[in-house]
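Student: I am new to this structure and would be grateful for a close look at a single part of it. Could you take me through that part in one connected account?

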Amino acid sequence: MSDQSLEIQRLREELARLSGEVETLRAERAEMKSANEKLLAEKEEMQQVINDLRSMMAWFRKKLFYKMSEKNLPLDPNVLEPTLFDQSLSEEEQAKLDAEVKAMEEQTAKAIEVKAHKRDVRRPVLSGDLPVEETHIYPEGVQDNPEYVEIGVENTDTVAIQPARMYVKRIVRHKFVLRSELQIEDPDRQAFLIAPLPETIRPKGMADASLLADILINKYVYHLPFYRQIQKYKELGVLLNDATIGDWFAAVCEKLRPLYDKLREQIMSSEYIQVDESTLPVIDNEKHRAVKGYMWAVRDALTGSVYFHYDMGSRSGDTARKLIGGYRGAVQTDGYEVYESFENAPGKRMIGCWAHVRRKFVEALDENRKYASEAIVYIGKLYKIEAEMREAGLSAEEVRERRQKESYPLIQEFEKWMDAVADKFKPKSRMGKALVYTYTLLPRLSRYVLDGRYNIDNNGIENAIRPLALGRKNYLFAGNHDAAVRAAIVYSLFSSCKAAGIEARTWLEDILVRLPEHHVDLEELLPGNWQPLPGTDRE
């Protein structure tokens, strides 16, 4: 082949290679163009979202900090949809408000003046001088029966307690044997008889129901840590260790769990509940320190029964959904943002808390006494109406009528006042924060007027949570997540005892005796339904 032919062949190969590269570049260019078009579309979409958010932010700023004629609250409280009316206070209204603020300050000034351990658990060591009380149990039908002869007894001891006194509660079971001649005559007849040992929470355990109840009462009513209880029992003649008392506590909570579940079921069937949450430090074994956890509380606002819920210490919206997502009825809460997702949920009527609103303005008193005091006066008027109705003993229907006639117009007037003063404060000021908080929740805050059974605030559940705060100050933290769950069980049942007006110790001692019985009706044992058995010393 000539040199010319070789060159032509080489050029053809180079041309083919370049053509391939061109095709590759064209494909890459097309791919980049497609990606660029996709990015441009995403950019336009994101810009639209940004524009929408900016518009929303501008609307909220205008709503919260500038005068507007469009209002949140309707003239008819049964509608609670936007309506229109004049937003400015007249000179007469402002003068009246100033006089009320002055009267409030004078009144205030006058008031100022005037989990169980796995190691071996030792049995408690009993002092020799502990008194012994015996309960004798005979097999059925053997007393005064000449066919049987008593041959001895079998003793079972448990440690029982009375206030400031511990003693051995001894159950003496008498054993009988059939006379020998009768055994010969009837070999199939039972020769030996002994009464069965009564069932207990901890079979073969040394702790009587009264002692188990005392341990729980001491910790969750009197807030005594276990180590302090151990010292107390030592002084009374019984030596316990951490493992023993922890094992007993875990066993009791396990038996109480079905009651707790039944209580939760009963509360969640109520037409009106209150929800709140509080901190509970919990030991994190991986981090080797206490971490902040949260205990949730749900209160039946119609009966006062309460149940506490612990979900690995979470305060998230997911926990709130698990807690009340399936509930149908009225739910009263504070302004925590996780509850916002339930605002338009079907089957729920969300209600706000005026006590939290009042606290926001009280916190702003040092920043701007004039306007904070004016807000407090408005809220005080709402509470005064509530106090007058309670004193008069009005029915739920009468309460509803008076709220819609008097309280709701006051809330509308308060909204008008907020619009008039909103532009005077920066959003991050204490007054600004109080106004934002109140304005955001105003429809929810207004709904208590729709039913005379609703409360103006969430104070009922805050009072129910107070023992949890007292416990934090004494035993400081829960040992682990399991311990926190057990605490939720006990706090629930004891809080419900308080709501039912019964003594927690009396109730707990009784149900610890009755729970081991077969076919026991758990609903009858709940604090709100409980009645002591006839003929007992708890009656």
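Tutor: Met 312 is found in the loop that joins strand 11 (306-310) to helix 7; helices (H or I, at least four residues) and strands (E, at least two) are DSSP runs, numbered from the N terminus. The model is predicted, so local features need pLDDT of at least 70 and side-chain atom pairs count only at pLDDT 80 or more, while totals for chains, interfaces and linings use all residues. Residues are numbered from 1 along each chain as its sequence is written, and side-chain values use heavy atoms, with hydrogens and water left out.

Although Met 312 is not a glycine, its phi is positive, at about 55°. Most residues other than glycine have a negative phi. Met 312 is exposed, at 56% relative accessible area (buried means under 20%, exposed over 50%, partly exposed in between, with a 1.4 Å probe and protein chains only).

In helix 7 (residues 317-324), the buried residues are Thr 319, Ala 320, Leu 323 and Ile 324. Viewed down the axis of helix 7, these residues fall within an arc of 105°, so they line one face of the helix; the arc is that of the directions from the helix axis to the C-beta atoms.

Strand 12 (residues 329-332) contains Gly 329, which counts as buried at 16% relative accessibility. Gly 329 and Lys 348 stand 19 residues apart in sequence, yet their C-alpha atoms are 5.0 Å apart. Beyond its neighbours within four places in sequence, Gly 329 is in contact (heavy atoms within 4.5 Å) with Glu 271, Gly 347, Lys 348 and Arg 349.

Further along come the packed helices. Helix 9 (residues 369-392) packs against helix 10 at an angle of about 180°, with the axes 10 Å apart. Axes are lines fitted to C-alpha atoms, for helices over the stretch in contact, and angles run from 0 to 180 degrees between N-to-C directions. Helix 9 is therefore roughly antiparallel to helix 10 (angles under 35 degrees count as roughly parallel, over 145 as roughly antiparallel, 65 to 115 as roughly perpendicular and the rest as oblique).

Helix 10 (residues 396-421) also packs against helix 11 (residues 430-446), at an angle of about 150° and with the axes 11 Å apart. Helix 10 and helix 11 are therefore roughly antiparallel as well. Among the residues making this contact are Tyr 408, Ile 411 and Phe 414 of helix 10 and Met 431, Leu 435 and Tyr 439 of helix 11.
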